[in-house]
Amino acid sequence: MKSTLRTFAVSSCRLLCSRSAALALALLLPAASLSTASAASNRGVYVGNEFYAPTTAWQINAQQSNFTSLFLFTLQVNTNGDLRYNDTIVVQNGVYVGDSTWGAKLAACKGNTCNRIEMCIGNYGSTSFANIKSLIASQGTGTTSILYKNFQALKNATNIDGFQFDDENTYDVNSMVSFGKMLATLGSNVSLVPYTNQSFWVNVRSQLGTRVSHIYLQCYDGGAGNNPSQWISAFGGVKVEPGLWGNTDTTASATSKMRNWQQTLGITGGFMWLNGSLPGDAPKWGKSIRDGIDNFQYFEAESLAINASSTTVDSVTDSSNSNGAADILRATAVNDYVTYLVPNIASGTYQISVGMKKTGSRGQFQLSGTRADQNNWSNIGSTVDEYTTDSSDYVEINVGSWSPASTNDKLVKFNVVGENSGSDQFWLSIDYIRFTK
Ligand SMILES: [Ca+2]
């Protein structure tokens, strides 16, 4: 057993605190309630060679990034049809010759918020779309063409959800449309990633129709002057998902821009260019888009009223926690619990997320909820393990969905159900609870 000695800058017992004071604080919390978003946003980020193939550490980074979509940057099509992920040939003569673990390791990146992986084709200065045009002119896109065979091999090996068209110089409508239709027959969606030449992209979208699942509009660098409203009009009302650059925006400005676009245009997604790889501060960028677009209510645990608990709950200060503080349930056994009163939650379906500081001495909990004036508990999601082998991980976990049927105060209960075999305690860290509609 590890020592239980711990020091905190400030540690105030919450078990016997004034509940009315805590409730008053909770009611004063600003809740970012946006008008029209109806589901958690799609939040993309470009990543690079660190995801060929992603180690366990990169898989965890992806899951904890607060982004929902990874954009693998970037695939090239050689003149003979060989497919190259950056400098590495991955498909040749219809056969996948890349890292044999790539598909499994990409699949392992999904979880928590991360649920989609797209692969970008091309980039600035790339000849890939010129090569695609030539190959289609000579071989077409039938099942015996090298393009078909190579993309089928890549799709089978990686199970990529979609391919992005990042053509920045060829701009040939007919071959891009043929290529998009070919990918659709392989079960892959297409995303368009324009920054200029609007009429070309509008024509491609028009001909590919719903085979195009996303339009990611670059609103930085060469596309800095792009107005998403004007592009949405040009696409006949199809929503674009605007993208920003970490070098020319801050997290605050990204949130502000995304919120404005959400409120005025109803955008449901956005993306970040963080220089082509997933940086250590990716979670704050994923959060910045989420905070701009999502319709959510945010409750700091340390400010919520505690309705009941089986043992001590301390409020601890920690500048890495949201609002600089979090609650710690000093659980010593299975079935220790804390129940919070969460005020004024409207009926509807929510994704419930919990912010926490994972460490090596944390327990596992099952979340459940009920109307505050009833005793009608239902589980929310499945068991969450707060244990980590890292010294500390400040993460938000998407616990699960909950659909309260009526509008009123709710009780949310964290019940300890066990501990990881590597853990030496049952304590829980509860930083905040977020309800996303
Ligand atoms: Ca907090």
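A residue counts as buried if 20 or more other C-beta atoms lie within 10 Å of its own. Keep that cut-off in mind as we look at two parts of this predicted model.

Let's start with helix α5, which covers residues 146-158. From its first C-alpha to its last, this 13-residue helix reaches 18 Å, close to the 18 Å expected at 1.5 Å a residue. How many of the residues of α5 are buried? The count is 10 of the 13, so the helix is largely enclosed by the rest of the structure. The buried residues are L147, Y148, N150, F151, Q152, A153, L154, K155, A157 and T158.

Just after α5 comes N159, a residue with a positive phi of about 55 degrees.

**An open sheet**

Now let's turn to a sheet. Four strands form an open sheet, in the order β13-β24-β18-β21, and their pairing is antiparallel. Which strands sit at the edges? They are β13 (296-300) and β21 (393-402), each of which pairs on one side only. From one strand to the next, the twist averages 20 degrees.

For a closer look, follow β13 to its partner β24, which spans residues 432-436. These two strands pair in the antiparallel sense over 5 bridges. In one example, E300 has Y432 of β24 as its bridge partner.

Conventions
Residues numbered from 1 in each chain as written. Predicted model: local features only at pLDDT ≥ 70, side-chain atom pairs only at ≥ 80, totals over all residues. Expected span 1.5 Å × (residues − 1). Buried ≥ 20, exposed ≤ 12 C-beta atoms within 10 Å, placed from the backbone. Pairing = 2+ DSSP bridges. Axes fitted to C-alpha atoms, helices over the stretch in contact; angles between N-to-C directions.
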